[in-house]
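Please open the structure in your viewer and keep the selection tool at hand.

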Amino acid sequence: MRQLRYFEAVAEELHFGKAAERLHIQQPPLSRQIQSLEEELGTQLFNRTNRKVELTEAGKYFLDEAKEMLKKDSRARATLQAMGDGTAGKLHVGFVYLVLSSAFPDIVGRFIRKYTAIDVELHDETSYEQIEAVRDGSRHVGFVTLNLMDLQDLSHVVVQCTNPRAAIPTNHPLAQKEILTLEDLADFPYICSRESYCKMRVKEMEKLFLKAGLELKLGMKYRRKHTGTVFVAAGLGWTIINDGSERTMPQGVALRPIEADLPPFEVGMIWNPNRVTPLIDNFLSFYKEQSRE
């Protein structure tokens with residue numbers, strides 16, 4: 001594994017000196033390790049001249065394989081670290097932006113302060129990414145939106161349930177109303193993300209408007225996460241957001257209930273029942289207890 005890490009560094013830097021500096025070792029031992037790796041594999045990985053270092057075709061192929069092996073090694077180490085008594089090790093936790101408006105930040109903070117020997121690494125990811133990662137073990141716990149999600153073989157518990165609200169500009173005439181109707185919103189552009197979950201949400205909104213004899217007016221679509229309310233504040237349209245998310249919104253956005261049959265937003269804490277270790281079980285139990293309190 002050390003040789004693979006050395007090879008990856010040289011392959012990315014394409015310079016033995018810079019790779020050695022990155023690895024905090026001297027250049028001669030690095031060169032010997034690469035040469036030893038090439039002899040063991042029976043093929044040349046680099047073309048070396050006095051002026052530059054280049055990957056051979058075999059080297060380009062092996063780089064992808066090396067990265068995958070290093071990734072599996074890291075995943076295995078993280079899992080083994082979590083197999084002790086649950087009070088030390090590394091814990092990978094994924095989350096969606098929606099959960100930041102709940103008790104999630106506070107509970108995770110309490111967990112970290114209580115278990116100082118546990119290294120909690122947080123990953124801001126989509127629900128789809130988390131479901132796959134929890135299933136394959138690269139994430140130990142995830143916090144995902146349950147609406148429209150297929151968890152299949154994963155276990156879950158609901159940790160947040162909030163009502164959807166219309167996020168509108170505070171300087172828009174609609175902000176003067178206490179409750180909005182679909183008719184109020186029909187002529188105002190609906191802002192959404194390009195992510196796949198939002199595409200499904202758009203279809204649900206279109207059905208809702210169609211049922212009321214109206215048409216959903218689509219506005220801009222953004223690529224970067226969590227930027228929808230920024231464009232709402234700029235007056236470019238409206239979007240759907242969960243009630244209670246004021247602390248995660250920019251200034252210039254008002255939340256109003258919608259007079260329509262909209263299902264609540266549910267966030268679930270998910271885990272793989274076939275991969276539970278004492279560390280993971282410790283976190284799950286702590287979070288459930290803190291949520292009840």
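## Where two helices meet

Begin by selecting Phe104, Ile107, Val108, Arg110, Phe111 and Lys114 in helix 5, which meet Asn282, Phe283, Phe286, Tyr287, Gln290 and Ser291 in helix 10. Sorted by class, the residues of this contact of helix 5 with helix 10 are seven nonpolar, three polar and two charged. Keep in mind as you look around that this is a predicted model.

Now widen the selection to the whole of helix 5 (residues 104-114) and helix 10 (residues 278-292). Their axes come within 10 Å and cross at roughly 130 degrees. Helix 5 is therefore oblique to helix 10. Which hand does the crossing of helix 5 and helix 10 have, left or right? The crossing is right-handed.

## A second pair of helices

Next, select helix 2 (residues 16-23) and helix 3 (residues 27-41), which pack at an angle of about 105 degrees with their axes 9 Å apart. Angles of 65 to 115 degrees count as roughly perpendicular, so helix 2 and helix 3 are roughly perpendicular to each other.

To see the contact itself, show the side chains on both helices. Helix 2 brings Phe16, Gly17, Ala19, Ala20 and Leu23, while helix 3 brings Gln27, Leu30, Ser31 and Ile34. Six of the residues in the contact of helix 2 with helix 3 are nonpolar and three are polar, with no charged residues.

## A pair of rings

How many aromatic pairs does the structure hold? There are 13 aromatic pairs. To view one of them, select Phe7 and Phe62: this aromatic pair is tilted, with 5.2 Å centre to centre and 55 degrees between the planes. The pair links distant parts of the chain, as Phe7 lies in helix 1 (residues 2-13) and Phe62 in helix 4 (residues 57-81), 55 residues apart.

Finally, switch to a cartoon view and find the open sheet of three strands, which run in the order 10-7-11 with antiparallel pairing. Strand 10 (239-242) and strand 11 (253-256) stand at the edges with a single partner strand each, so one side of each has no neighbour in the sheet. On average, neighbouring strands of this sheet are turned by 45 degrees against each other, direction ignored.

Zoom in on strand 7 (residues 164-169), which pairs with strand 10 in the antiparallel sense over four bridges. Select Arg165 here, and you will find Ile241 of strand 10 standing opposite.

Methods. Residues numbered from 1 in each chain as written. Predicted model: local features only at pLDDT ≥ 70, side-chain atom pairs only at ≥ 80, totals over all residues. Heavy atoms only, no water. Pairing = 2+ DSSP bridges. Axes fitted to C-alpha atoms, helices over the stretch in contact; angles between N-to-C directions. Parallel < 35°, antiparallel > 145°, perpendicular 65-115°, else oblique. Left-handed = near helix turned anticlockwise from the far one by under 90°. Contact = heavy atoms within 4.5 Å. Nonpolar A, V, L, I, M, F, W, Y, C, P; charged D, E, K, R; others polar. Phe/Tyr/Trp six-rings, centres within 6.5 Å; stacked < 30°, edge-to-face > 60°.
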